[in-house]
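Have the sequence and the 3D view open as you go.

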Amino acid sequence: MVFSASHSVFIICRDAAGIAGNIFAFGLFLSPIHTYRRIIRNRSTEEFSGLPYIYALLNCLICTWYGSPLVSSDNLLIMTVNSAGAVFQLVYIALFIIYAEKSKKVRMLGFLLADFGLFAIIVFGSLQMTDLVMRQLIVGLLSCVSLISMFASPMFIINLVIRTKSVEFMPFYLSLSTFLMSTSFFLYGIFNYDLFIYVPNGIGTILGIVQLALYFYYKDSSKEDSREPLIAPYP
């Protein structure tokens, strides 16, 4: 009886953390809107890079597959948040292709096809594994590596903030969304006993704390003459 009650509490806490993570994730999904308003207004992608959206799409696709019932159980909220993320990335990529110059259009289409091709290989390959435990292990490792790579990308911004002593290119709401989403899914992974979720999101939580700490430390000492371009030119 006690075990049953404890298990029910864990399920409630897990689902609450997962729902919160889905909500906070929208803060990240909506963050490129300012950039795309500029692209649409100027009808040009200028020097912005589309590669982050290509990589984010692949990450969302892999994590969606990991969260599906065919790979892991009780991870529906992982599938929903990453499905939504994949839709957002597809919209951003489509807009980028529409407003990019011809050479960039071709390159972005190539990267997009590569995304779908690689994802198809992962799905087809994992479905050939009749051992469900091995299937979850392999796809889980891929999703974990992909997530850790995504969470490591803010290291560039952290280094920029420390070097310039300016938080101009590290918006507070974006850092806060990263921290809240990562913390929510870290707890979700803990309550669901899933290390492929709590390990990468634990790293994301730590990086979120670092970003917030840097923001509050440097927000009053930001200098106008420390501006540097945040978006790397498209290769």
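**Exercise 1: Where to be careful**

Find the stretch where pLDDT (the predictor's confidence in each residue, from 0 to 100) stays under 50.

Solution. Step one: the stretch is residues 223–235, and the model has 32 contacts for it beyond four places in sequence, a contact being heavy atoms within 4.5 Å. Step two: where pLDDT is low, the predicted coordinates should not be read in detail. Step three: for the chain, the mean pLDDT is 87, and 91% of the residues reach 70 or more.

Two notes on method. This is a predicted model, in which local features need pLDDT of at least 70 and side-chain atom pairs count only at pLDDT 80 or more, while totals for chains, interfaces and linings use all residues. Residues are numbered from 1 along each chain as its sequence is written, and side-chain values use heavy atoms, leaving out hydrogens and water.

**Exercise 2: Two helices side by side**

Work out how helix α6 and helix α9 are oriented to each other.

Solution. Step one: locate α6 at residues 132–152 and α9 at residues 195–218; helices are DSSP runs (H or I, at least four residues), numbered from the N terminus. Step two: they pack at an angle of about 5°, with axes 8 Å apart; axes are lines fitted to C-alpha atoms over the stretch in contact, and angles run from 0 to 180 degrees between N-to-C directions. Step three: α6 and α9 are therefore roughly parallel, the word for angles under 35 degrees. Step four: look at the residues that meet, including Leu141 and Phe151 in α6, and Val199 and Leu207 in α9.

**Exercise 3: Arg14 and its contacts**

Decide whether Arg14 is buried or exposed, and list what Arg14 touches.

Solution. Step one: Arg14 sits in helix α1, residues 2–29. Step two: with a relative accessible area of 12%, Arg14 is buried (buried means under 20%, exposed over 50%, partly exposed in between, with a 1.4 Å probe and protein chains only). Step three: leaving aside residues up to four places away in sequence, Arg14 touches Asp74, Tyr188, Phe191 and Asn192. Step four: follow Asp74 to the loop between α3 (51–67) and α4 (76–99); the phi of Asp74 is near 60°, positive in a residue other than glycine.

**Exercise 4: Another positive phi**

What is the phi of Tyr193, and where does Tyr193 lie?

Solution. Step one: phi is about 55°, although Tyr193 is not a glycine. Step two: Tyr193 is in the loop between α8 (172–191) and α9. Step three: Tyr193 is exposed, at 65% relative accessible area.

Terms used. Parallel < 35°, antiparallel > 145°, perpendicular 65-115°, else oblique.
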